[in-house]
Amino acid sequence: MTTETATDLFEAHRPVLLGVAYRMLGRVADAEDVVQEAWLRWSGSDRGDVREPRGYLVRITTRLAIDRLRQIKSRGETYVGPWLPEPYVTDFGDTVPDTAERAVLADSVSLAVLVVLESLSPLERAVFVLREAFGFPYADIAAMLDRGEPAVRQLAGRARKHVEERRPRYEVDPAQRRDLTERFLAAAAEGDLEGLMALLAPDVRLVGDSGGKARAPLRALQTADKVGRFLVGAAQKGVPDFAVRFLELNGGPAVLVLSGGKPDSVFQVEVADGRVQAVYIVRNPDKLRSLAVE
């Protein structure tokens, strides 16, 4: 395998490797670091015996991500206020033509699911991501993790049960979600409390992530009244040199709010039964760097 061929193979699989690393870590910068380290190992290794490059590269990436996740957990970092994953641009384009496969990938990278994955052990998370998001056979996952297949099946069952018990149930109709997102944004921007209340589910939940570096609720807000009044109050304070962009983040439509051309916050809503069931707001500037507008 020539150096040029090795580079082309790696670049062809980079989206999958980044997808695995991000789902493992919930952080774009950490995922990119892991993929870069995987490249260094791939480019410096003896590739003569590699028969299946995709599996080989996923194995390297997964192991590096497990090590990074263990380091993060061992540091016992304290976070100010609620934690949300770093927003991740997901434009599957023509790389995932199958609608069902696209839906699985989008769901596995949603903010709601990634928050639940944070409570899994690194090994459970790896098995869940490889099996549920990317469909690897148990035997392949066992080889990647140097574990017996029965142990991997046990880890998968435990992780799946944990996620199913804790994940919220939302609809994934992109058109309806986009429509409600646009109406939600218009009502919030205009400070229209009545309009917002018509869109919000009675038990809607708002989670704001600022990391203590921007204004956001330090606790999740629950009920339409509290969420609606908070959003109206935020609209009244305003954002200097305000502009918005719609884009796809974490498998669904989202709104990037710009202030002076720089990322200020990201809004994303989850929908069920024609109402907004959850509102996620990311304002931690460290988590918005990858969304900077050129």
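1. In which sense do strand S4 (residues 252-259) and S5 pair, and over how many bridges? S4 and S5 pair in the antiparallel sense, over five bridges; helices (H or I, at least four residues) and strands (E, at least two) are here DSSP runs, numbered from the N terminus, and two strands pair if DSSP finds at least two bridges between them. Ser259 has Lys262, in S5, as its bridge partner.

2. A word on the basis of these notes: this is a predicted model, in which local features need pLDDT of at least 70 and side-chain atom pairs count only at pLDDT 80 or more, while totals for chains, interfaces and linings use all residues. Residues are numbered from 1 along each chain as its sequence is written, and side-chain values use heavy atoms, with hydrogens and water left out.

3. The protein chain as a whole holds eleven helices and six strands. Its radius of gyration is 20 Å, close to the 19 Å that the globule rule gives for 294 residues, so the chain is as compact as a globular protein of that length; the radius is taken over C-alpha atoms, and the rule is 2.2 Å times the number of residues to the power 0.38. The C-alpha trace spans about 65 × 40 × 40 Å along its principal axes. Of the 294 residues, 46% count as buried, a term that means under 20% relative accessible area, with exposed over 50% and partly exposed in between (1.4 Å probe, protein chains only).

4. The six strands form an open sheet with mixed pairing, in the order S2-S1-S6-S5-S4-S3. Its edge strands are S2 and strand S3 (242-249), each of which pairs on one side only. Helix H9 packs on this sheet, touching S1, S3, S4, S5 and S6, and its direction makes about 125° with that of S5; axes are lines fitted to C-alpha atoms, for helices over the stretch in contact, and angles run from 0 to 180 degrees between N-to-C directions.

5. Strand S6 deserves a separate look, because seven of its eight residues are buried and it is largely enclosed by the rest of the structure. S6 runs parallel to S1, to which six bridges join it, and Leu206 has Val279 of S6 as its bridge partner. With S5, by contrast, S6 runs antiparallel, joined by seven bridges, and here Glu270 is partnered by Ala278 of S6. The hairpin of S5 and S6 has two residues between the strands, and in it Asp273 takes a positive phi near 55°.

6. Helix H11 (residues 224-237) lies across S1, S2, S5 and S6, running at about 50° to S1. At 1.5 Å a residue its 14 residues should span 20 Å, and its end C-alpha atoms are 20 Å apart, which agrees; the expected span is 1.5 Å times one less than the number of residues. The buried residues of H11 are Ala224, Val227, Gly228, Leu231, Val232 and Gly233. An α-helix has 3.6 residues a turn, so residues three or four places apart point the same way. The elements against which the buried residues of H11 pack include helix H9 (174-189), helix H10 (193-199) and strand S1 (200-209). Just after H11, Gly238 takes a positive phi of about 75°.

7. With a relative accessible area of 15%, Arg167 is buried.

8. Ser108, found in helix H4 (residues 99-108), is buried, with a relative accessible area of 9%, and its side chain makes a polar contact with that of Arg23 (2.8 Å). Not counting residues up to four places away in sequence, Ser108 touches Arg23, Val113, Leu114 and Ala133, where contact means heavy atoms within 4.5 Å.

How values were computed. A polar contact is a pair of N or O atoms within 3.5 Å; within protein, one must be able to donate a hydrogen and the other to accept it, and residues adjacent in sequence count only if both atoms are side-chain atoms.
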